Amino acid sequence: AGSLNKSIGQLEEFVHRIGGIFIPAHIDRGKNSVFSQLGFFPPDLKADALEVSKRSKITDFRKKHPELDRFTMITNSDAHFLEDVGTFYSLFYLEKRSFQEVQMALAGLMERRVH
C-alpha cells in the first residue's frame, strides 16, 4: 500500500468538491488511523461520519473521545476476506435506496438516521 501526498484536510476538501461522502476509517485503531498518524483529530475537519472498527464499541469510543460527539459514527466489517463481509455493520434508516438518502441519514435529517 502506498501513501497519499496530501493532508487529510486536502483529501476532505477534494471528496466534498466532487460530491462524495467523507468518512475517515477505523479511527480507533492503533495503526493506520487519524489518531495514530496525527496524534489527535483535527477540530476543523468536516467529516460526514467517522468509522470505528470492529475492535471497539461506538458507545465506549464516544466516552473516550467526547470531542467527537458532533459526528455520526458507523462501524463495518472492514473485510479483507470474503467470509468476514457483514460480520459488523451499521443500519441505515432510509426512505429509499439512494446516495442522497445515505447523506441524509449520516446527517440525521428528516427522520433518516444510522444506528
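Predicted model: local features only at pLDDT ≥ 70, side-chain atom pairs only at ≥ 80, totals over all residues.
Helices here are DSSP runs of H or I with at least four residues, strands are E runs of at least two, and both are numbered from the N terminus. F14 sits in one of them, helix α1 (residues 8-17).

Residues are numbered from 1 along each chain as its sequence is written, and side-chain values use heavy atoms, with hydrogens and water left out.

Now for the salt bridges (a side-chain nitrogen of Lys or Arg within 4 Å of a carboxyl oxygen of Asp or Glu). The whole structure has 3 of them:

| Pair | N to O distance |
|---|---|
| R62 and D69 | 3.6 Å |
| R112 and E95 | 3.2 Å |
| R112 and E101 | 2.8 Å |

R112 lies in the loop between α4 and β4 and E101 in helix α4, so this pair ties together parts that are 11 residues apart in sequence. E95, E101 and R112 are linked in a network of salt bridges.

How covered are these residues? Buried means under 20% relative accessible area, exposed over 50%, and partly exposed in between (1.4 Å probe, protein chains only). Both R112 and E101 are buried, while E95, at 66%, counts as exposed. Over in the other pair, R62 is partly exposed at 24%, and D69 is partly exposed too, at 47%.
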